[in-house]
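Subject: Structure handover and notes

Hi,

Here is the structure I promised to pass on. My notes on what turned up follow below it.

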Amino acid sequence: MTTSTRGAHRTPAVLVLEDGRIFRGRAYGAVGATFGEAVFSTGMTGYQETLTDPSYHRQVVVMTAPHIGNTGINDEDMESRKIWVSGYVVRDPARVPSNWRSTRSLDEELAAQGVVGISGIDTRALTRHLRERGAMRVGIFSGNALPDEGTMLAEVRQAPEMSGADLSAEVATTETYVVPAIGEKKFTVAAIDLGIKGMTPHRMAERGIEVHVLPATATVEDVYAVNPDGVFFSNGPGDPSTADHPVSVMRGVLERGTPLFGICFGNQILGRALGFGTFKLKYGHRGINQPVQDRTTGRVEVTAHNHGFAVDAPLDKVSDTPYGRAEVSHVCLNDNVVEGLQLLDRPAFSVQYHPEAAAGPHDAAYLFDRFTSLMSTASMEGQRA
């Protein structure tokens, strides 16, 4: 339940974690109550892209950078149709946005979309708590009629957990749409929307790819109805252990040998399709400054992340799967978490992070070129056959 009020930044607000830790501050954005999984993002910029990333559905995002909102909000940098975060936590919100592209302030946009937030708390202490104790359920409460602490804690503990949550269909498109190629059309890609960001099909369109974005409920028959040269599985929210339908569709693609690329949730789907398990990380990777090594080249990239689950695949050997040999292609240098997979006998690969760079560095843009190269090779082999 939320209500938007003028002067919300003066309204008392309380953040309650499921382990009983409490932080007191001031309302930011909408006034009311909200619940979700508390996670922290280490990006110092790009908050608009973070807020509109569907992968953050049902999460309360804590910004570790202390000063947020200084560039305001514009209408060009939205990654989807709305803000998806359940709540927003900042330490020192900008009083006045200062950017030539800004059309309104961040707190105005949060209030307009009914997103409850809190400001003026020690986000450093909160982040350290989440690193030590792990991501957990949280509630933000604000307004004149705040419940007592016991009531707030009870409501937080009644909220659903992220483990076991099947959320991709809640954020995906319900109708197929097409993002046309920019310039000469070279390939057609069927993209399964599990929570896709707008910049992802744009990056493919820049490379001459016409992208048909399909709902999360699309079947193998739906995929091949567009006569694709390649198939893409997007990022998205929720627990990959619940994603049986996307796994089944991916296996159908792998059986046909069509070039395949997945990012984030798509990486976890590929892991499951190959027979690997997935698991929940203690506090996940979120932000635009995560170091990853491409093990095929040895190159270290600074990358954008948003994931709380990971693939459980061996780092030290090539694995046999129903679709040939597979190996871990990328690894996080902070904690050795699997950040990419590739098949050695079929044209399929994935990464756990976000190469579309919205927001984030451009170190991983080559992955879209790698996907294009796979489709080019498959096309030439098809012509020879």
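A nonpolar core, as used here, is a set of buried Ala, Val, Leu, Ile, Met, Phe, Trp, Tyr and Cys residues joined through side-chain atoms within 4.5 Å. Buried means under 20% relative accessible area, exposed over 50%, and partly exposed in between, with a 1.4 Å probe and protein chains only. Please keep in mind that this is a predicted model, where local features need pLDDT of at least 70, side-chain atom pairs count only at pLDDT 80 or more, and totals for chains, interfaces and linings use all residues. Residues are numbered from 1 along each chain as its sequence is written, and side-chain values use heavy atoms, with hydrogens and water left out.

**The cores**

The largest nonpolar core has 34 residues, and those touching the most other members are Val-223, Phe-233, Met-250, Leu-254, Ile-269, Leu-274 and Leu-341. Two or more residues each come from S12, H7 (220-225), S14, H8 (244-256), H9 (265-273), S19 (324-332) and S20 (338-343); helices (H or I, at least four residues) and strands (E, at least two) are DSSP runs numbered from the N terminus. H8 gives the most, with five residues. A second, separate core of 23 residues includes Ala-205, Val-211, Val-213 and Leu-367.

Leu-274 is worth a click: leaving aside neighbours within four places in sequence, its contacts (heavy atoms within 4.5 Å) are Leu-254, Thr-321, Pro-322, Tyr-323, Ala-326 and Leu-343.

**Helix H9**

Nine of the nine residues of H9 are buried, so this helix is largely enclosed by the rest of the structure. After H9 comes Gly-275, with a positive phi near 105°.

**Strand S12**

How many of the residues of S12 are buried? Six of six, across residues 187-192. One side carries Phe-187, Val-189 and Ala-191, the other Thr-188, Ala-190 and Ile-192, and both faces are covered.

S12 pairs in the parallel sense with S13 (residues 209-214) over six bridges, where a pair needs at least two bridges found by DSSP. Val-189 has Val-211 of S13 as its bridge partner.

Together, S12, helix H6 (residues 199-205) and S13 form a right-handed β-α-β unit. Right-handed means that, with the strands pointing away from the viewer, the path from the first strand over the helix to the second runs clockwise.

**Val-115**

Val-115 sits in the loop between H2 (106-112) and S9 (116-119), and it counts as buried at 4% relative accessibility. Not counting residues up to four places away in sequence, Val-115 touches Tyr-28, Gly-29, Ala-30, Ile-83, Val-85, Ser-86, Gly-87 and Leu-110. The C-alpha atoms of Val-115 and Val-60 are separated by 9.9 Å, although the two are 55 residues apart along the chain.

**The whole chain**

The protein has 10 helices and 21 strands. Of its 385 residues, 57% count as buried. Among contacts with a separation of 6 or more, 75% join residues 24 or more positions apart. The C-alpha atoms fill a box of roughly 70 × 40 × 35 Å along the principal axes.

Happy browsing!
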